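Thanks for coming. I will take you through one structure, piece by piece. Please have a look at it first.

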Amino acid sequence: MIKHFFITTTIFIFCISCSETNIDPQAVQDNLTDIMRTVTFESDIMAINEKHCIACHRGNTPDGGLLLTNFQQVLNSYRNGTSITRIENGTMPPAQKPRLTPQEIQLVLKWQEDGFLETE
Ligand code: HEC
């Protein structure tokens, strides 16, 4: 009986947490269209860089000796593979910092596929 109660409660809590994730069909659609279009530095990468990277990779003594404060610097470190490798293997941003979302990683990979354009 207690076991049954436990299972019912677990299922109930699970359902509540599902409904709280609030999957919005429009948002899912937007994500898909994001990947269908051309990704440029201006359209997406600048914002991802500002959100996840610039805090440490700027100023007179940037972390890792790497500046990521303008398009040319970001382009260099993505073109030579170092930034993409570190993003894909999850070592940048460092572990204690928020991860890039799967969608942000997709955008980075799509930027690479589209040829690292600055603008369209
Ligand atoms: C909390 C600070 C912090 C954030 C945020 C951060 N980095 Fe770093 N980054 C470092 C430190 C410290 C190093 C040097 C140590 C190392 O290589 O792990 C480094 C090194 C690197 C290197 C290697 C540089 C080289 O020439 O060896 C790359 C590439 C890099 N970061 C890219 C990024 C990218 C891209 C982002 C955002 C997605 C990012 N980092 C976010 C702190 C940070």
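Start with the ligand. In this predicted model, the shell around the ligand consists of 17 residues. The closest are Cys53, Cys56, Asp63, Gly64 and Met92. What is the shell made of by class? There are 8 nonpolar residues in it, 6 polar ones and 3 charged ones. Which helix gives the most to this shell? That is helix α5, residues 82-88, with 4 residues.

Now the chain as a whole. The protein chain has 6 helices and 0 strands. Read from the N terminus, the order of elements is therefore simple to write down: α-α-α-α-α-α. The chain has 120 residues, and 16% of them count as buried. Then there are the contacts between residues at least 6 apart in sequence. Of these, 64% join residues at least 24 apart.

Next, one pair of helices. Two packed helices are described by the angle between their axes and the distance between the axes. For helix α3, residues 41-52, and helix α6, residues 102-113, the axes come within 10 Å. The crossing angle is roughly 125°. Why is α3 called oblique to α6? Because an angle of roughly 125° falls between the 115 degrees that ends the roughly perpendicular range and the 145 degrees above which axes count as roughly antiparallel, α3 is oblique to α6. The crossing of α3 past α6 is left-handed.

Which residues make this contact? On the α3 side they are Asp44, Ile45 and Ile48. On the α6 side they are Glu104, Leu107, Val108 and Trp111. Sorted by class, the contact has 5 nonpolar residues, no polar ones and 2 charged ones.

Last, two details of the backbone. As background, most residues other than glycine have a negative phi, and most peptide bonds are trans. Where is the cis peptide bond? It joins Met92 and Pro93, with an omega of about -10°. Pro93 is in the loop between α5 and α6.

Phe116 is not a glycine, yet its phi is positive, at about 55°. Is Phe116 buried or partly exposed? Phe116 counts as partly exposed, because it has 17 C-beta neighbours inside 10 Å, and a buried residue needs 20 or more.

That is the end of the talk.

Key: Residues are numbered from 1 along each chain as its sequence is written. This is a predicted model: local features need pLDDT of at least 70, side-chain atom pairs count only at pLDDT 80 or more; totals for chains, interfaces and linings use all residues. A residue is near a molecule or strand if its C-beta atom, placed from the backbone, lies within 6 Å of it. Helices (H or I, at least four residues) and strands (E, at least two) are DSSP runs, numbered from the N terminus. Ala, Val, Leu, Ile, Met, Phe, Trp, Tyr, Cys and Pro count as nonpolar, Asp, Glu, Lys and Arg as charged, and the others, Gly among them, as polar. A residue is buried if 20 or more other C-beta atoms lie within 10 Å of its own, exposed if 12 or fewer, and partly exposed in between; C-beta atoms are placed from the backbone. Two residues are in contact if their C-beta atoms, placed from the backbone, lie within 7 Å. Axes are lines fitted to C-alpha atoms, for helices over the stretch in contact, and angles run from 0 to 180 degrees between N-to-C directions. Angles under 35 degrees count as roughly parallel, over 145 as roughly antiparallel, 65 to 115 as roughly perpendicular and the rest as oblique. A crossing is left-handed if the near helix is turned anticlockwise from the far one by less than a right angle, and right-handed if clockwise.
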